[in-house]
Amino acid sequence: MPKKVVVGVVTSDKMDKTRRVEIERLEKHPKYGKYIRQRTVCIVHDENNVSRLGDTVKIVECPPKSKRKRWEFVSVEQESRLVDVNAMRVAAKAANQEKE
């Protein structure tokens with residue numbers, strides 16, 4: 001049986017070698033017919049800590065690595081465009097102090 005390959009978005013990169021990836025999908029309500037947005041959360045093993053928060057990544061099913069890790073990182077499909085405002089403020093403050 002082939003391994004599942006899916007694409008999702010990294011929602012947490014706080015752990016070492018581990019990422020939390022959400023896979024969004026739309027499902028039709030059985031009675032009312034309205035499409036409902038649902039998500040699946042996967043805990044993914046990222047050996048080299050390549051992916052970052054907000055990246056769109058490709059992951060593949062694998063044998064269990066730990067209690068909750070059942071997926072392995074393959075590649076970054078699209079880099080995140082999120083901006084770390086706090087880091088920008090610190091860098092600007094440091095640049096201003098160097099000028100003075």
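The sections below treat the basis of the model, the barrel, one histidine and selected salt bridges.

## Basis

The model is predicted, with local features requiring pLDDT of at least 70 and side-chain atom pairs pLDDT 80 or more, whereas totals for chains, interfaces and linings use all residues. Residues are numbered from 1 along each chain as its sequence is written, and side-chain values use heavy atoms, without hydrogens and water.

## Barrel

Five strands form a closed barrel in the order E1-E2-E3-E5-E4, with mixed pairing. Strands are DSSP runs (E, at least two residues) numbered from the N terminus, and two of them pair if DSSP finds at least two bridges between them. E1 (residues 5-12) and E4 (residues 56-61) run antiparallel and are joined by five bridges; valine 7 has lysine 58 in E4 as its bridge partner.

## Histidine 45

Histidine 45 belongs to strand E3 (residues 35-45). Its relative accessible area is 12%, so histidine 45 is buried (under 20%; exposed is over 50%, partly exposed in between, with a 1.4 Å probe and protein chains only). Its side chain makes a polar contact of 2.8 Å with the side chain of glutamate 47. A polar contact is a pair of N or O atoms within 3.5 Å, one able to donate a hydrogen and the other to accept it; residues adjacent in sequence count only if both atoms are side-chain atoms.

## Salt bridges

Eight salt bridges are counted (a side-chain nitrogen of Lys or Arg within 4 Å of a carboxyl oxygen of Asp or Glu). One of them joins lysine 17 and glutamate 47 at 3.1 Å, N to O. Lysine 17 lies in the loop between E1 and E2 and glutamate 47 in the loop between E3 and E4, so the pair ties together parts 30 residues apart in sequence.

Terms used. Helix = DSSP H or I, 4+ residues; strand = E, 2+ residues; numbered from the N terminus.
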